[in-house]
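Hi everyone, thanks for coming. Let me walk you through a structure that may be new to you, and please have the picture open as I talk.

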Amino acid sequence: MNTNDFLSQYAAGQRNFREVILMAENLNQVNLSYANLSGANLSGANLAKANLSYANLNHACLNSARLQGAKLIHADLRQAVMNNTILSYANLCGVDLRNTNLGNVNLSSANLTGANFSGANLNEANLTQANLTAVNLTNAKINGANLSHAYMRGVIMPDGIIHSPLNDPLELAWWVEIVTDRPYCKYYFGPFETAYSAQESQPGYIEDIEQEGTPVIAVDINLCHPWEMTIFEENLSIIKE
């Protein structure tokens, strides 16, 4: 199946693409949310800024695929093969990566809040400045992994010990705070060591949100520790004008 046929079928409502072969195809910025790509071969594919939220990528091959800035919120990547995959700045909140091979993967500055890496291979992975809040690393292999400047509050380490439990005194960092309308939500992106680095990253987050058709109504840089990355209208303490 070529890229045009694949995208046409998805646009027509097809979601089952089990074992599809799309090696080295250009799928930059495409929307593939909820697609069933289990067992698919996406080696070397360009999926930068693609939306794969809630997609089934169980047992998929993503070796050397480019997924920088992609959205994989709550995607199923169990037992996927992802050697040398680029996932820098990607949003992988709540993703299931149990028993996945992630050797030499680039997850720098990725948002991995609540991700499950239980039993995964993260040897030599690049996790610099990644957000690892409440990540499960039970029995994961992290030999040679670069965790410098990673935000690790509430992480369950491979030996089962919790790093900086969530009920410990707050660890403050710089975060980009974005408020949207329709839906009315507050989003937090970070953490960053400096206000300047947060400011530098701000335009990319705004662009990603507006590409989804959601108006941005307020942006701020705050020194804080958000307990949730997304706060919906009923939980917001700010007053909507």
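Let me start with a term: a residue is called buried under 20% relative accessible area, exposed over 50%, and partly exposed in between. Keep in mind as well that this is a predicted model.

With that term in hand, look at Arg78. Its relative accessible area is 30%, so Arg78 is partly exposed. Which residues does Arg78 meet in salt bridges? One partner is Asp76, with N to O at 2.7 Å. Asp76 has a relative accessible area of 15%, so this residue is buried. Asp96 counts as buried, at 15% relative accessibility. Step back, and you find Asp76, Arg78, Asp96 and Arg98 linked in a network of salt bridges.

In total, the structure holds 5 salt bridges. Another of them joins Lys49 to Glu207, where the closest N and O atoms are 3.9 Å apart. This pair links distant parts of the chain, 158 residues apart: Lys49 sits in the loop between H1 and S1, and Glu207 in helix H2. Lys49 is partly exposed at 34% relative accessibility, and Glu207 is partly exposed at 35%.

What is the volume of the largest pocket? About 1,200 Å³. It is lined by 45 residues, and the closest to its centre are Lys71, Ile73, Asn91, Tyr187 and Phe189. Helix H2 (195-211) gives the largest share of that lining, 7 residues. By class, the lining of the largest pocket has 20 nonpolar, 19 polar and 6 charged residues.

The second largest pocket holds about 150 Å³ of space.

One last stop: Asn46, in the loop between helix H1 (3-11) and strand S1 (155-156). Is Asn46 buried or exposed? Buried, because its relative accessible area is 15%, and the cut-off is under 20%. The side chain of Asn46 makes a polar contact with that of Asn26, at 3.3 Å. Among the residues Asn46 touches are also Leu27 and Arg66.

Note on methods: Residues numbered from 1 in each chain as written. Predicted model: local features only at pLDDT ≥ 70, side-chain atom pairs only at ≥ 80, totals over all residues. Heavy atoms only, no water. 1 Å grid on protein atoms, 1.4 Å probe; cavity = no way out; pocket = protein on both sides within 12 Å on 5 of 7 lines; lining within 4 Å. Points joined across faces, edges and corners; volume = space filled by probe spheres on them. Helix = DSSP H or I, 4+ residues; strand = E, 2+ residues; numbered from the N terminus. Nonpolar A, V, L, I, M, F, W, Y, C, P; charged D, E, K, R; others polar. Buried < 20%, exposed > 50% of the residue type's maximum accessible area, 1.4 Å probe, protein only. Polar contact = N/O pair within 3.5 Å; in protein donor to acceptor, adjacent residues only side chain to side chain. Contact = heavy atoms within 4.5 Å. Salt bridge = Lys/Arg side-chain N within 4 Å of Asp/Glu carboxyl O. Lists of a residue's contacts leave out its neighbours within four places in sequence.
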